[in-house]
Amino acid sequence: MERDIDTGSAHSARIYDYIIGGKDHYPADREAGDAMCREWPALPVHMRANRDFMNRAVRHLAEEAGIRQFLDVGTGIPTSPNIHEIAQSVSPDARVVYVDNDPLVLALSQDLLNGTPAGRTAYVEADMRDPASILDAAELRATLDLTRPVALTVIAIVHFMMDEDDAVGIVRRLLDPLPSGSFLAMSIGTAEFAPDEVGRVAREYAARGMPMRLRTFAEAEEFFTGLELVEPGIVQVHKWRPDGTGTGTGTGTGTEVIRDEDIAMYGVVARKP
């Protein structure tokens, strides 16, 4: 059953879409995004760097690790290139399942289902806080072969999960049924590099009903217990295998040079042994 989209309140996915230059947002989202950027002018740089990290991580998994199946939890509003576009550009038979519980993402999900004829994409409407509803979904079971390696991608979402949600436990339950040779790719919000500025942004989110749980390096490490970190390990997203592409390269050759204090997200890829 289609749910109504609340256009009167700001929403994290739509704020993100607005700040990175998307088109699927409403006045409340733009007001929130503008307020947050006043508190931390580097916020657009940070958000674009997170998106670029996701693109590089997926390309690495498809090209170098040979992964042909992806489970993306907390997909957000479609923004090209989406995961299936990157993976299927490497291997047209790649399969991707997207998961989100936002009615706007559901309404726009056709953009996530336009993959190659040789591959397959599917959309599951489910809440990350209920891993069983994801893993047991008919759409997932019809699309992915869980006897073969899967890349689980959890990008820029766990900072909206409070301690009582047990984000580490949820990620672990999503990873548990995936076989050896699967991967976990995550970006994890942190305030360690610009605590005052990021703290002010977090307060803006909280004032709109979106409290944040930002994590230290040690807390980020907890997600990867028992996994094999892919080099360079747990680093800020702009430092994870930069390739000179994207919105900022950190080298002065792109449209913007990324400073460490402009990034509030760790990026990690790890292999399940």
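Arg241 is partly exposed, with a relative accessible area of 31%; buried means under 20% relative accessible area, exposed over 50%, and partly exposed in between (1.4 Å probe, protein chains only). This is a predicted model, in which local features need pLDDT of at least 70 and side-chain atom pairs count only at pLDDT 80 or more, while totals for chains, interfaces and linings use all residues. Residues are numbered from 1 along each chain as its sequence is written, and side-chain values use heavy atoms, with hydrogens and water left out.

Arg241 forms a salt bridge with Glu64, and the closest N and O atoms are 3.5 Å apart. A salt bridge is a side-chain nitrogen of Lys or Arg within 4 Å of a carboxyl oxygen of Asp or Glu. Arg241 lies in the loop between strand E7 (235-236) and strand E8 (265-271), and Glu64 in the loop between H3 and strand E1 (69-73), so the pair ties together parts that are 177 residues apart in sequence. Helices (H or I, at least four residues) and strands (E, at least two) are DSSP runs, numbered from the N terminus. Glu64 counts as exposed, at 57% relative accessibility.

## Other salt bridges

The structure holds 16 salt bridges. One of them joins Asp165 to Arg129, with the closest N and O atoms 3.4 Å apart. This pair links distant parts of the chain, 36 residues apart: Asp165 is in the loop between strand E4 (151-155) and helix H8 (167-175), and Arg129 is in the loop between strand E3 (120-125) and helix H6 (131-135). Asp165 is partly exposed at 21% relative accessibility, and Arg129 is partly exposed at 42%.

In another salt bridge, between Asp260 and Lys239, the closest N and O atoms are 2.9 Å apart. Asp260 and Lys239 both lie in the loop between E7 and E8, so the pair ties together parts that are 21 residues apart in sequence. Salt bridges that share partners also join Glu31, Glu204 and Arg208 into one network.

## A buried arginine without a salt bridge

Arg215 lies in the loop between helix H9 (195-207) and helix H10 (217-221). Arg215 is buried yet has no salt bridge, and the nearest side chain of opposite charge, Asp163, is 4.9 Å away. For charge, Lys and Arg count as positive and Asp and Glu as negative; His and the chain ends are not counted.

Leaving out residues up to four places away in sequence, Arg215 touches several residues, among them Val158, His159, Glu192, Phe223 and Tyr266. Contact here means heavy atoms within 4.5 Å.

Helix H1 (residues 12-19) is mostly covered, as six of its eight residues are buried. These are Ala13, Arg14, Ile15, Tyr16, Asp17 and Ile19. They pack against helix H2 (27-39), helix H3 (43-63), helix H5 (103-107) and H9. Gly21, which follows H1, has a positive phi near 95°.

His84 is placed in helix H4 (residues 83-90) and counts as buried, at 1% relative accessibility. Apart from neighbours within four places in sequence, the contacts of His84 include Val96, Tyr98, Asp111 and Thr121. The C-alpha atoms of His84 and Val257 are separated by 28 Å, and these residues are 173 apart along the chain.
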